[in-house]
Amino acid sequence: MGLSNLDQTWTSALDKIRTWARVNSPWAIHYNSGSCNGCDIEILATLTPRYDLERFGVKLQGSPRHADILICTGPVTLQSRDRLLRIYEQMPDPKFVVAVGSCGLSGGAFQGCYNVVGNIGDVIPVDAYIPGCPPRPEAIIHGVVALLQSLQAPPVAPAELRKNGHSAAPQEEQE
Ligand code: SF4
């Protein structure tokens, strides 16, 4: 085996280890860019023991510099736009964004308000959308797990999801 083949094998093995670590223990940061707090309460319910997102290895922590996933809620207001951009830029590559709730997808109830600059995808690239107003914890878990699964399978990489405007979560059933 030549040196370049050895390099290739080594690089590919390292990539596999990195992907394995990322998929099994992603660190997430949560940011509210202008939501009414409804979606944020559902995210808290998702993270706490009743729904227990941590069982999939997802850990919430405070610094964007340590985060793999940005979980973002709400439309983007004029006041929060620069902060959202700064948080996104501080995250190390590769980084992924999950937009939670109808407001994050389209501006929702706040669409057209004088202080709203748009939805999350208008400001930063979004990898997975979770619809609902607010989405249930089950939908949030489904969206995050779908994103993690997409990291394991290169043909359905987040860039592809982004290109197709793919929603990671199923439509919620009406109660
Ligand atoms: S989607 Fe609904 S619950 Fe979530 S921020 Fe918008 S209005 Fe509030």
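Read from the N terminus on, the elements of the protein chain follow the order α-β-α-β-β-β-α-β-α-β-β-α-α, which gives six helices and seven strands. Helices here are DSSP runs of H or I with at least four residues, strands are runs of E with at least two, and both are numbered from the N terminus. The model is a predicted one, in which local features need pLDDT of at least 70 and side-chain atom pairs count only at pLDDT 80 or more, while totals for chains, interfaces and linings use all residues. Residues are numbered from 1 along each chain as its sequence is written.

The predictor's confidence in each residue is expressed as pLDDT, on a scale from 0 to 100. For the protein chain the mean pLDDT is 84, and 85% of its residues reach 70 or more. Over residues 168-175, however, the pLDDT is below 50, although this stretch has 19 contacts in the model beyond near neighbours in sequence; two residues are in contact if their C-beta atoms, placed from the backbone, lie within 7 Å. Where pLDDT is low, the predicted coordinates should not be read in detail.

Turning to the chain as a whole, of the contacts in the protein chain with a separation of 6 or more, 81% join residues 24 or more positions apart. Buried residues make up 38% of the 175 residues, where a residue is buried if 20 or more other C-beta atoms lie within 10 Å of its own, exposed if 12 or fewer, and partly exposed in between, with C-beta atoms placed from the backbone.

Two residues illustrate this. I29 sits in strand β1 (residues 27-32), and I29 counts as buried because 21 other C-beta atoms lie within 10 Å. Leaving aside neighbours within four places in sequence, I29 is in contact with Q61, P64, A67 and L70, and although I29 and K59 are 30 residues apart in sequence, they are 8.6 Å apart in space, C-alpha to C-alpha.

Finally, the ligand is surrounded by 13 residues, of which the closest are S35, G38, G101, C103 and C133. The elements giving two or more residues to this shell are α2 (38-47) and α4 (102-106). By class, the shell has six nonpolar, seven polar and no charged residues.

Terms used: Near = placed C-beta within 6 Å. Nonpolar A, V, L, I, M, F, W, Y, C, P; charged D, E, K, R; others polar.
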